[in-house]
Amino acid sequence: MKRKRIVGNAVKNGLLALYAIFALFPLFWMVLISFKSDAQMFNTTFIFDPTLENYDAVLLRTDYFKYFLDSIIVSVVAVLISVLAGVPAAYALARYNFKKKESLAFTILSFRFAPEILVVLPLFMIYQKIGLYDTYFGLIWVYQLITMPLLIWVIRGYFEDISVEIEHAAQVDGYSWWQVFLKRLLPLIKPGLVSASLLAFIFAWNNFTFPLMLSGTHVETITVASLKYIASDTVHYGQMAVAATVSALPAVIFALLIQKHLVRGLSFGAVKG
Amino acid sequence: MSKLIIKNLYKRYENKGKKKTQPNDFAVNDLSLECEDGEFIGILGPSGCGKTTTLRMIAGLEDITAGDIYIGDQRVNDLHPKNRNIGLAFEDYALYPPLTVYDNIAFNLKAKGVSKDEIKQRVMDIAPLLKVEDLLDKMPISLSGGQKQRVNIARAIVRRPGILLLDEPLSHLDGKMRQALRIEIKRLHNEIKCTTVYVTHDQLEAMSLADRIAIMNLGVLQQFGTPMEVYDDPANEFVAGFIGEPPMNILKTTIIKHENDYYFTFENSDLRIIAPRRYYDLLSDGMQVKMGVRPTDIYVGGPDSKGTPVRVAVYEDLCSERRIGVRVGDELVMMITEDDTRYRQGEMIKLEVNGEKTHLFDLNTGNRIRSKK
């Protein structure tokens, strides 16, 4: 029996390692070529003369930080608004009964099924008309299509898991409704809130279609700006790799910071027993 | 400790959900109750009868459609739950998972701003009463159901409430734990003498704990009285059928007059029971009513008995008592006997009914028909 378990574990770990290599290799490759000069790009694989030239070119000699900042502003504010509006919405969907409740919830979810490309053209025309084209607010608004459904659906599940009696107990114990919400419910949904916010942030951060079509030169996110390294005569793969590597950092850093919540948050079931 | 007075209480839920209910669908319909200081009141009824809704209105967790609730001398209709001086123990325990047992119990006092030393003093006073003193440092998730309910009740009484409300506190526990905690609750009430309202669907809990029982059905109070009263003198067919285990046998009967006596007769059965004389003024030949008789008022006759011969249809030997079911017409009639004779299914026995102990109910309304004497 014991031997069987050891073998089983070894197989399991072997498969996991294989998957890790498979999943991480593109990232590794991206970092690798960010250190290659254009000259060595195609004639070396692992052994080459590492250079910081690409980093120098991208970070210091272009407006990279401006794009980076634009991306941060748009994504972070989009997620914040989604949290502020989405958490109460999730609470309402979880706790109250009203007409067409499930239809409403499904409609919110359905924003995630529709391909962005489908709505982006009409939006483009509307945005141009009402002056939202190429503004922070315009992008933040349209990003709600991405971030809001995710937050509402994850948080709703968390609220539904919390026994309504916990709220009532706190009310009888002397809390007002707001105190119950802030001091009792928020801590319980925190794992879900944190992990859903992170996912929403990543989806917003990675979005390409909306900023490509709905913004121009004033607001330019990093996903769109990365295209600039495809010049008319040549493609600067090294510089693109630098842009991509640096732009992956915020998500990686956030994920590491909240790792504790992430596993619990995404495996659901906040309150049991 | 306070008196609790409920006057003409109504509750109607708005039709916000999917299903359209009747316009006059009251969850609680014209309920009036008065509980004395220190009394233990049981609210008993099947699920959906409005008993928990009533409790939640007393607690202030549910709006009152009409009527008044007084705690002590104060009308509490519009008070926030925290100002009603109540303690409420929830059915699902509702312990706050991130806090230890101690903090859960102490929470209410903290929210009120009681000093730390006093909180400690009061929690330590309460803990032994509910036997949770060894659990104080644990997290709720590591407790068993019975332990959680003890903590839940400790939390409700640590604030020294005027009225303690218990919402089906034993319904999620297994049989043995349920019985143990039931005794604990009785003992606790004897010690703290707090006015208590206990909601349950289990008539055994209500009968064993409560000083007086309010029996509800479909939002309407059926009867309010001591366990003895509701058992011996049920107000209607519902109460008669709800109280007692097994419940009262209730049979449709046709009255016939033979010579100068009235008899209960039953369709497709030879059984005849002589009606008590006190009912004679009310009875007439051919009248149809419902007759109720407790399983303990039916006996197996001896060899010389003039009882009606019937076949044993169901036989349960519970060792301390024996339950025999026989067919009267299409109905199964249960009786309880404590004598040691054992029976087999299909065996013939002679059925004797103590006619004096029968109750009559109106065929349509189910209301009790009482003799005038």
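User: Where in chain B is Lys193(B) placed?

Analyst: In this predicted model, Lys193(B) sits in the loop between helix H5 (175–192) and strand S8 (195–200) of chain B. Its phi is positive, about 50°, although Lys193(B) is not a glycine.

User: Why is Lys193(B) called partly exposed?

Analyst: The relative accessibility of Lys193(B) is 41%.

User: What makes Glu259(B) exposed?

Analyst: Glu259(B) has a relative accessible area of 68%, and the cut-off for exposed is over 50%, so Glu259(B) is exposed. Glu259(B) belongs to the loop between S11 and strand S12 (261–265) of chain B, and its phi is near 50°, a positive value in a residue other than glycine.

User: Why is the pair Asp173(A) and Arg159(B) called a salt bridge?

Analyst: The closest N and O atoms of Asp173(A) and Arg159(B) are 2.6 Å apart. A salt bridge requires a side-chain nitrogen of Lys or Arg within 4 Å of a carboxyl oxygen of Asp or Glu, so the pair qualifies as a salt bridge. The count between chain B and chain A is one salt bridge.

User: What else describes the interface between chain B and chain A?

Analyst: The two chains bury about 2,100 Å² between them, 59% of it on carbon and sulfur atoms. In contact are 25 residues of chain B and 21 residues of chain A.

Definitions and conventions. Residues are numbered from 1 along each chain as its sequence is written. Chains are lettered from A and ligands numbered from 1 in the order in which they are written. This is a predicted model: local features need pLDDT of at least 70, side-chain atom pairs count only at pLDDT 80 or more; totals for chains, interfaces and linings use all residues. Side-chain values use heavy atoms; hydrogens and water are left out. Contact means heavy atoms within 4.5 Å. Buried area is the accessible area (1.4 Å probe) that two parts lose on being put together, summed over both. Helices (H or I, at least four residues) and strands (E, at least two) are DSSP runs, numbered from the N terminus. Buried means under 20% relative accessible area, exposed over 50%, partly exposed in between (1.4 Å probe, protein chains only).
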